[in-house]
Amino acid sequence: MQIWVDADACPVTVKEILYRAAERVQCQLILVANQPLRTPPSPWIRSVQVPRGFDVADNHIANAVAPGDLVVTADIPLAASIVERQAFALNPRGEFYSQENVRELLDMRNFMDTLRSAGVQTGGPEALSQADRQRFANRLDRFLAGHTGK
């Protein structure tokens with residue numbers, strides 16, 4: 001199992017949690033972004049820089065992920081693609097995407113896009129809270145314990 005990170009928009013605090021987890025369970029962590037990333041020196045952590053462009057990082061992850069891998073992303077279309085590939089998708093707020101909820105989330109995202117394109121001010125997501133970071137760390141730890149035995 002590998003952990004893939006849609007790193008362009010991933011909060012720094014979430015990346016730090018992932019770095020520590022990858023070291024602890026000795027699991028490959030791959031951060032994918034369209035800009036250079038600084039990662040700690042580790043045999044378990046690497047970054048992949050992809051060309052700039054719409055969904056280039058997402059497409060790279062979707063094409064590379066294997067069944068059973070974990071992908072950390074807030075991008076709902078990417079999460080839908082990951083779930084279809086029998087892999088796991090977790091957002092930075094500690095919520096797993098599933099066959100049951102990803103379609104509903106995708107429909108809501110598309111509805112909000114329609115509102116925004118009609119000129120409606122919908123606002124953005126709330127800032128990541130301490131509770132969100134804790135939930136993410138806890139869900140990640142439980143997932144890794146169940147999938148790596150560590």
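Guide: Start with a definition: a nonpolar core is a set of buried Ala, Val, Leu, Ile, Met, Phe, Trp, Tyr and Cys residues joined through side-chain atoms within 4.5 Å. Buried means under 20% relative accessible area, exposed over 50%, and partly exposed in between, with a 1.4 Å probe and protein chains only. In this structure the largest such core has 25 residues, and Ile3, Val5, Leu18, Leu29, Phe136 and Leu140 have the most contacts inside it.

Visitor: What kind of model is this, and how are residues numbered?

Guide: This is a predicted model, in which local features need pLDDT of at least 70 and side-chain atom pairs count only at pLDDT 80 or more, while totals for chains, interfaces and linings use all residues. Residues are numbered from 1 along each chain as its sequence is written, and side-chain values use heavy atoms, with hydrogens and water left out.

Visitor: What is Val5 in contact with, beyond its neighbours within four places in sequence?

Guide: Contact means heavy atoms within 4.5 Å. By that criterion Val5 is in contact with Cys10, Leu18, Leu29, Ile30, Leu31, Val32, Ile61 and Val72. Over the protein, residues 24 or more positions apart account for 50% of the contacts with a separation of 6 or more. Buried residues make up 39% of the 150 residues.

Visitor: How many disulfides does a search of the whole structure find?

Guide: A disulfide is a pair of cysteine sulfur atoms within 2.5 Å. The search finds zero. Cys10 is buried at 8% relative accessible area, and Cys27 is buried at 4%.

Visitor: How is the sheet to be read?

Guide: Strands of a sheet pair through backbone hydrogen bonds, either parallel or antiparallel. Here two strands count as paired if DSSP finds at least two bridges between them. Six strands form an open sheet in the order S3-S2-S1-S4-S5-S6, with mixed pairing. The edge strands, S3 (45–49) and S6, each pair on one side only. S2 and S3 run parallel and are joined by five bridges; Ile30 has Arg46 as its bridge partner in S3.

Visitor: Which strands does H1 lie across?

Guide: For the angle, axes are lines fitted to C-alpha atoms, for helices over the stretch in contact, and angles run from 0 to 180 degrees between N-to-C directions. H1 lies across S1, S2, S3 and S4, and runs at about 150 degrees to S2. Along the sequence, the pattern is β-α-β-β-α-β-α-β-β-α-α.

Visitor: How many aromatic pairs does the search find?

Guide: Rings of Phe, Tyr and Trp (its six-membered ring) pair if their centres lie within 6.5 Å; planes under 30 degrees apart count as stacked, over 60 as edge-to-face and the rest as tilted. The search finds two pairs. Phe88 and Phe143 are edge-to-face, 5.0 Å centre to centre with 65 degrees between the planes. This pair links Phe88 in strand S5 (residues 88–90) with Phe143 in helix H5, 55 residues apart. Phe96 and Phe143 are tilted, at 5.7 Å and 35 degrees. Phe96 lies in strand S6 (residues 96–97) and Phe143 in H5, so this pair ties together parts 47 residues apart in sequence. Phe143 is buried at 6%, whereas Phe88 is partly exposed at 31% and Phe96 is partly exposed at 26%.

Visitor: What about backbone angles?

Guide: Most residues other than glycine have a negative phi. Asp55 has a positive phi of about 65 degrees although it is not a glycine, and Asp55 is found in the loop between S3 and helix H2 (56–64). Gln86 also has a positive phi, near 65 degrees, and is found in the loop between helix H3 (76–84) and S5. Asp55 is partly exposed at 31%; Gln86 is exposed at 55%.

Key. Helices (H or I, at least four residues) and strands (E, at least two) are DSSP runs, numbered from the N terminus.
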